[in-house]
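Here is a short report on a two-chain model. Keep the structure open while reading.

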Amino acid sequence: MAWVNAIIQGVLTGGLYALFACGLSLMFGVMKVVNLAHGDLAVVAGYVAVGIIAVTHVPVLWSFLIVVPIMAVAGYALQRTLIQSSLDRSVLTTLIVTFGLSVVIENALLQFFTANTRGIGANLGLVQDSFNLGSQIQIGQLLVVIFAVAVVVLLGLQYFLSASKYGRLIRASADDKEAAQLSGADYRHVFGIAAALAFGTVALAGIAYGMYSQLDPTAGTDTILLFAFAAVVIGGLGSLWGTLLGGIVLGVAQQIGAQINISYEVLAGYLVFLLVLVLRPEGITTRRAQS
Amino acid sequence: MSVVAEPSTRPSEGFRVTRSRRNVAWTGAGALIVVVVLAMFPFIVYSGTTTILVQAFIVLTLASMWNLLAGYAGLVSVGQQAFVGLGAYFVLILAINGISPFAALPVAAVGCGVVALPLWWLVSRLRSGYFAIATWVLAATIMLVIERFSSIGGGTGLPLPGLAGFSPNLLTAYTYWAGLAVTVVSMVAIYVLLRGRLGLVLTAVRDDEVAARSSGARVGLARLLVFVVAGAGCGAAGALLAISQLQVQPSAVFSVQWTAEMAFATIIGGLGTIEGPIVGTIVYMVLQQTLASYNAWYLIILGLVAMGVALFARRGLWGLVDEHVNLRLFPVGYYLRTPSGMGAPRPRVPSD
């Protein structure tokens with residue numbers, strides 16, 4: 001039964017990893033930007049949530065209503081300035097600039113907020129309670145909620161990209177930005193919208209991580225960016241649903257590793273990632289969904 | 001327009017392919033004098049100075065290797081700390097088994113070069129940004145694996161044995177000479193490689209990969225060679241780090257901060273030139289020494305400067321010098337000397 005419990009936990013943490021990954025996937029799919037600062041931006045969103053909750057006393061669960069718009073605006077601004085100007089130069093510049101941003105954010109957080117960990121809503125019933133199925137299986141309520149949020153976000157993104165006007169603009173600009181520009185779509189603005197969407201999901205990821213675990217300045221790269229990337233590669237590049245599946249595979253691998261020996265948790269996840277890289281570099285979902 | 005021609009091709013009347021727009025024989029002599037003077041430093045300066053210089057040698061070696069990867073081969077690795085850590089651990093393991101850390105240093109470099117082969121097989125499937133994060137994951141994985149072995153210190157690390165027999169002054173001097181040797185060997189190796197066939201292939205790939213491939217350039221092999229050499233170089237720097245710190249701690253030697261430092265120093269100095277990492281290391285050391293008492297600030301400032309340079313002065317500080325006085329101290333390209341004068345300088349910065 002302990003193994004069944006591990007697998008259930010793994011599947012549910014997969015939802016969290018998919019939430020980490022969908023912003024990364026979206027930025028790459030649309031702008032061809034691999035945002036190395038992705039995880040650090042999620043941590044920034046988490047810190048913003050901590051600050052807002054402390055200052056305004058909004059209920060913890062509703063803090064996302066403030067943090068998501070803030071991050072979306074920040075995403076639009078960052079895309080229109082820093083990221084677009086690096087894209088105009090070269091892929092190499094984009095990597096250097098986002099890597100620089102990652103290092104600067106991480107060290108600035110360390111400098112201003114110390115290395116202390118911070119949790120979000122640690123004394124909330126939702127965070128502490130779990131559904132008990134028998135004596136062996138305990139499912140944290142928070143993980144179920146995060147999984148549901150991840151599915152809703154992925155469904156929403158899927159619907160937005162395939163059915164809405166802006167979704168069509170985003171897909172058109174992703175396919176051929178010059179042609180989209182000729183047809184009257186300002187691709188820079190469209191990329192800004194896509195970045196705003198991606199950063200909105202990054203904000204949710206940061207808050208979810210802060211509730212599930214503890215935020216600290218190094219969590220952005222050590223955990224969020226690398227897990228997100230592993231989920232994206234396992235699930236197949238550029239596929240939103242593949243990302244969810246990739247997150248689940250990563251989560252299950254980690255939980256099974258932890259079941260063998262708690263210190264194997266992270267390592268087991270990476271080993272599965274490397275195995276996928278060796279056996280199926282195109283990911284485990286072959287059908288390529290839209291980017 | 002770049003002229004990529006073998007010097008052996010039959011020269012037409014009045015045309016000549018040269019390495020540089022001016023004679024650089026004196027550069028070699030100058031470099032030799034600098035190395036000789038640096039080698040005498042333990043006799044003429046305080047040990048505090050040589051200790052700082054060892055740090056500079058580590059950064060310069062790392063930056064030169066990152067420059068080879070990103071500046072010449074277009075491989076943006078964010079996982080070079082894997083080799084820094086492995087180099088340190090090779091020295092630790094050999095020292096535990098009774099081999100002098102100084103003798104272990106070259107073994108560590110070769111060992112890291114060998115380890116780079118299977119790692120390349122893993123990450124070479126991915127391109128640009130995904131390559132960058134994959135190398136990062138690889139470095140994290142290697143650290144997690146090494147932390148599992150309690151005989152080499154597990155998660156906390158171990159002090160480096162085998163150096164207790166040296167007097168403090170002698171140890172400082174030996175460490176300094178080892179550092180100087182690592183840096184000189186690394187830079188000469190890179191210079192020779194880039195002036196040879198490898199440099200030619202990499203230049204061709206940078207200008208047009210498809211054309212290079214269809215002309216029979218062995219692009220994959222060239223990239224593999226660069227990755228192995230960079231692995232060995234970063235491993236040597238890691239071995240030096242272990243000797244200068246007298247201890248090996250996994251979270252310190254496998255820190256992504258190493259890659260941040262080597263990348264920022266290279267970018268600020270000038271990506272894709274031999275001189276760039278030297279200039280960048282000087283900027284790095286000045287900033288680091290000035291801001292030493294302000295914790296992480298030097299890294300924040302270094303990162304911001306590197307981002308600014310990447311956006312607004314893509315050829316870095318050395319690029320600015322080169323633009324204004326047409327100077328390459330260590331030329332690795334070719335120029336066409338026409339009867340009417342010099343051909344146009346070749347374009348530099350790799351586009352991706």
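## The interface between the chains

This is a predicted model. Chain A puts 34 residues in contact with 35 residues of chain B. Four elements of chain A give two or more residues each to the side that touches chain B: helix H3 (64-89), helix H4 (91-113), helix H10 (219-235) and helix H12 (265-279). H4(A) gives the most, with 15 residues.

What is the make-up of the side of chain A that touches chain B, by class? It has 25 nonpolar, 8 polar and 1 charged residues.

## H12(A) against H6(B)

One helix pair spans the two chains. H12(A) packs on helix H6 (residues 128-147) of chain B at an angle of about 135°, and their axes are 10 Å apart. Angles of 65 to 115 degrees would count as roughly perpendicular and those over 145 as roughly antiparallel. The angle here therefore makes H12(A) oblique to H6(B). The crossing of the two helices is left-handed.

Which residues make this contact? From H12(A) come Val266(A), Leu267(A), Tyr270(A), Phe273(A) and Leu274(A). H6(B) supplies Val137(B), Ala140(B), Thr141(B), Leu144(B) and Val145(B). By class, the contact of H12(A) with H6(B) holds 9 nonpolar residues, 1 polar and no charged.

## H11(A) against H12(A)

H12(A) also packs within its own chain. Its partner is helix H11 (residues 240-260) of chain A. The axes of H11(A) and H12(A) come within 7 Å and cross at roughly 135°. The two helices are therefore oblique to each other. The crossing of H11(A) and H12(A) is right-handed, whereas that of H12(A) and H6(B) is left-handed.

On the H11(A) side, the contact uses Val249(A), Leu250(A), Ala253(A), Gln254(A), Ile256(A), Gly257(A) and Ala258(A). They meet Glu265(A), Val266(A), Leu267(A), Ala268(A), Gly269(A) and Val272(A) in H12(A). The class count for H11(A) with H12(A) is 9 nonpolar, 3 polar and 1 charged.

## A hairpin in chain A

Strand E1 (residues 130-133) and strand E2 (residues 137-140) of chain A pair in the antiparallel sense, over 4 bridges. Ser130(A) has Gly140(A) as its bridge partner in E2(A). Asn132(A) stands opposite Gln138(A).

The hairpin has 3 residues between the strands. Gly134(A) takes a positive phi there, near 75°.

Are Gly15(A) and Gly231(B) buried or exposed? Start with chain A. Gly15(A) sits in helix H1 (residues 2-31). Gly15(A) has 25 C-beta neighbours inside 10 Å, so it counts as buried; the cut-off is 20 or more. Leaving out residues up to four places away in sequence, Gly15(A) touches Ile146(A), Phe147(A), Ala150(A), Val151(A) and Gly247(A). The C-alpha atoms of Gly15(A) and Leu143(A) are 7.9 Å apart, although 128 residues separate the two along the chain.

In chain B, Gly231(B) lies in helix H10 (residues 219-245). Gly231(B) is buried because 28 other C-beta atoms lie within 10 Å. Apart from neighbours within four places in sequence, its contacts are Phe83(B), Cys112(B), Gly113(B), Val115(B) and Ala116(B). Leu86(B) is 145 residues from Gly231(B) along the chain, with 9.5 Å between their C-alpha atoms.

## Chain B overall

Chain B has 15 helices and 5 strands. Of its 352 residues, 46% are buried. Among contacts in chain B with a separation of 6 or more, 79% join residues 24 or more positions apart.

## Two loop residues with positive phi

Most residues other than glycine have a negative phi. Thr114(A) is not a glycine, yet has a positive phi of about 55°. It lies in the loop between H4 and helix H5 (125-128) of chain A. Thr114(A) counts as exposed, with 11 C-beta neighbours inside 10 Å.

Leu246(B) is not a glycine either, and its phi is positive at about 65°. Leu246(B) is in the loop between H10 and strand E3 (247-248) of chain B. With 14 other C-beta atoms within 10 Å, Leu246(B) is partly exposed.

Methods
Residues numbered from 1 in each chain as written. Chains lettered and ligands numbered in written order. Predicted model: local features only at pLDDT ≥ 70, side-chain atom pairs only at ≥ 80, totals over all residues. Contact = placed C-beta atoms within 7 Å. Nonpolar A, V, L, I, M, F, W, Y, C, P; charged D, E, K, R; others polar. Pairing = 2+ DSSP bridges. Axes fitted to C-alpha atoms, helices over the stretch in contact; angles between N-to-C directions. Parallel < 35°, antiparallel > 145°, perpendicular 65-115°, else oblique. Left-handed = near helix turned anticlockwise from the far one by under 90°. Buried ≥ 20, exposed ≤ 12 C-beta atoms within 10 Å, placed from the backbone.
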